Amino acid sequence: MDDLTRDIRTLKGVGDTRAKALEKLGLRTVGDLLGYFPRAYEDRRQFYAIADAPLDRPVCVKAMVSDYPKAVRARRGMELLKLKAVDDTGELDITYFNQNYLKDQFRPGDEYIFYGRADSFGRYRTMASPAFERADRQGVVTGRILPIYRLKTGVTQKFLMGLISQVLAQYGDRAPDVLPPSLTERLHLARAPYAYANIHFPRDDQALDQARRRLVFEELFVLAAALGIMRRERTVEPGRKLRIYPMDPFWAALPFAPTGAQRRAVDEALSDMASGVPMSRLLQGDVGSGKTLVAAALIWQAAQNGLQSAFMAPTEILAAQHYKTLTELLEPLGVHVARLTGSMKASEKRNVNELLQTGLAHVAVGTHALISAGVAFRDLGLVITDEQHRFGVEQRSALAGKGTRPHVLVMSATPIPRTLALIIYGDLDISVLDELPPGRQKVDTFAVGEDMRARIWRFVRRLVGEGRQVFLVCPMVEENEELPPNVKSAESWAKTLQREIFPDLRVACVHGKMKGRDKDAVMAAFAAGEYDILVSTTVIEVGVDVPNAALMIVENADRFGLSQLHQLRGRVGRGSHKSYCVLFSDADNPEAKARLKIMTKTNDGFKISEEDLRLRGPGDFFGSRQHGLPEMHVADLSADMRVLKDAQNEANAILAADPELALPQHRPLRERIDKLFELHGDTFN
Ligand code: ADP
Ligand code: MG
């Protein structure tokens, strides 16, 4: 078992150079290799006769080499190795480039399997650089289902396959079995060694199915157990028990009535805070659904109980915005709001810290500066983080550590289909703001091609003429040779727009590679109306409020996820002005078109994320990892939903009987979970 933690360099053929290349794939130990599952498979079991070989894909052709290979010198020093193979149906001319060392591997009269893409010239068939083995020794690169691994420079398929076979041979039967044997038997799941062997090198289709079924179950089971343990760990010790004061004075002081959803979310959180167990709740709500108000209500309630709150935002500009909102809402009610951000002078910070230590300030709003060592509270009882996926668990717990088991609320605008949220945030309670404040205007959205460019530019001019401002988002920061030339980059597109298209307008540019301070300065200037057009990357995705912005233009919109487009669109329509979103795309594949069309049909973030999930599949949906879920290796969260339920039930049953997973048969499971926490501590919620 311990053997699996052995360094990858203990394997034959792995020195420092290769180890470095492997490390780029996250492979450090023997166990990492065992768990590095193929991303796809290639079925090379079927052999074709020369004349029958399909031309549209690589296939195996079985044929006899009919003559000695000939080395030919071609132009520019290129060496060609020419080879002729025959069978009853025809002749195959094979060429290898700069691989003359293969010459001695072919013996006329012997039969070989060639794997490659065949081409046809009249009656001839040709093949360039096929993989091959002698027919009587086939079974390594032909005649089987071959795994296809994700690669990086310095690591080839062949090399990885060799390494993994080596690991399977030496360690395969020592693969840790995290599923208790009784469970494996009852559910008719394959044993771990069999599953590992066949997920890498499937003997046949059934074996692959069995292996996959077992590993999917295992993956979801471990996840469910891990979430179960987290949930338990945060509820075993008592938390601050609040006495709940009626919320009427707070509601009455608002310039508007709270939505039903806001009231419900506040009630749910308050009942947590009164329960004696520390709250750990996720507040999910689409952009503009009014999450800040819920936070303010809870801060007010905490203050009535003599408890302080901390409210952490991911950027200075957001912190400033929250500070303004909370000050306006809370100061008239006698709740004092302080601000703490990294850019403040040391003396200012000292002052704020004093207010927090003495308890004169009831709430601190700020960036991660709130976590820094010098900051202390008199009695911190409530911790709120906005846009939670931007903070790691350590940062959140560092903040929570400034109080005594405070209540925790994390707020997220990333809409996730309800079914998935229950699983992903399995250790948190969830409140959803599924209702927008009344009077919200829908943002009219258009998916357009280049033919509309001139009209859109005229539209920009018209809006700016009316005093409005415009966001324009590009998929890239700077030009990138690896991408097609039509992909716009913020830096050069901003220059072009300023020089050639809108010389009379004020164009600014902001992107993720700028220093935080410079970025904030440009954003603040835009918010203050000093620019007409802000060209950016998705850095503006996080909630900056510029009520005067009435148009969002997205370039190469097909390169963005729908949920991301929805977030971007949420940057406009925040004021009283009629607002628009224009999605430029010249992609002509029907799937990309269908996706963009969804954006023009609805403004509902949850609907959009459901559609996104349906169209792209969960691989991509979770690919960005912004949902705080560890990367799934085999499981497909929407397709494997039923397995997930089973896995959850089984995990809960085991935890109910053995909450600490202390029994010997649960040791491997406990170890796997500990490892998961180590690896994903920063992304788990
Ligand atoms: P988000 O959930 O995106 O963080 P905010 O909290 O920033 O949303 O709220 C968006 C806007 O809606 C703010 O201008 C806020 O004042 C306003 N708002 C919030 N709740 C209500 C309500 N119940 N009625 C009217 N406007 C509201
Ligand atoms: Mg917000």
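Helix α18 (residues 590-601) contains 12 residues and, at 1.5 Å a residue, should span 16 Å, which agrees with the 16 Å between its end C-alpha atoms. The expected span is taken as 1.5 Å times one less than the number of residues in the helix. Helices (H or I, at least four residues) and strands (E, at least two) are DSSP runs, numbered from the N terminus. The structure is a predicted model, in which local features need pLDDT of at least 70 and side-chain atom pairs count only at pLDDT 80 or more, while totals for chains, interfaces and linings use all residues. Residues are numbered from 1 along each chain as its sequence is written, chains are lettered from A and ligands numbered from 1 in the order in which they are written, and side-chain values use heavy atoms, with hydrogens and water left out.

The buried residues of α18 are Ala 592, Arg 595, Leu 596, Ile 598 and Met 599. These residues cover an arc of only 140° around the axis, which puts them on the same side of α18; the arc is that of the directions from the helix axis to the C-beta atoms. Pro 590, Lys 593 and Lys 601 are exposed on the other side of α18. Here buried means under 20% relative accessible area, exposed over 50%, and partly exposed in between (1.4 Å probe, protein chains only).

Helix α11 (residues 346-358) was examined in the same terms. Its 13 residues should span 18 Å at 1.5 Å a residue, and the end C-alpha atoms are 18 Å apart, in agreement with that value. Val 352, Asn 353 and Leu 356 are the buried residues of α11. Viewed down the axis of α11, the buried residues fall within an arc of 105°, so they line one face of the helix. The face turned away from this buried side carries the exposed residues Arg 350, Asn 351 and Glu 354. Ala 361 is located in the loop between α11 and β15 (363-366) and counts as buried, at 2% relative accessibility. The C-alpha atom of Ala 361 is separated by 5.8 Å from that of Val 337, although the two residues are 24 residues apart along the chain.

For the protein as a whole, the secondary structure comes to 21 helices and 24 strands. The C-alpha trace spans about 95 × 70 × 45 Å along its principal axes, and buried residues make up 52% of the 685 residues.

Ligand 1 is surrounded by 16 residues, of which Ala 257, Gly 288, Lys 291, Thr 292 and Arg 440 are the closest; a residue is counted as near the ligand if one of its heavy atoms lies within 4 Å of it. By class, this shell has six nonpolar, six polar and four charged residues, where Ala, Val, Leu, Ile, Met, Phe, Trp, Tyr, Cys and Pro count as nonpolar, Asp, Glu, Lys and Arg as charged, and the others, Gly among them, as polar. Helix α9 (residues 291-304) gives the most to the shell, with three residues.

Polar contacts are pairs of N or O atoms within 3.5 Å; within protein, one must be able to donate a hydrogen and the other to accept it, and residues adjacent in sequence count only if both atoms are side-chain atoms. A backbone N or O atom of Ala 257 lies 2.9 Å from a nitrogen atom of ligand 1, and a polar side-chain atom of Gln 262 also lies 2.9 Å from a nitrogen atom of the ligand. A polar backbone atom of Gly 290 is 3.1 Å from an oxygen atom of ligand 1. On its own, ligand 1 has 570 Å² of accessible area, and the protein covers 76% of this. Accessible areas come from the Shrake-Rupley method with a 1.4 Å probe; for residues, only the protein chains shown count as cover.

Several individual residues were also characterised. Arg 44 lies in the loop between β1 (40-43) and β2 (47-48) and is buried, with a relative accessible area of 10%. A polar atom of the Arg 44 side chain lies 2.8 Å from the backbone oxygen of Val 141. Ala 447, in strand β19 (residues 444-448), is partly exposed at 41% relative accessibility. The C-alpha atoms of Ala 447 and Ser 585 are separated by 7.3 Å, with the residues 138 apart along the chain.

Most residues other than glycine have a negative phi. Ser 129, in the loop between β9 (124-128) and β10 (131-134), has a positive phi near 45° and is partly exposed, with a relative accessible area of 31%.
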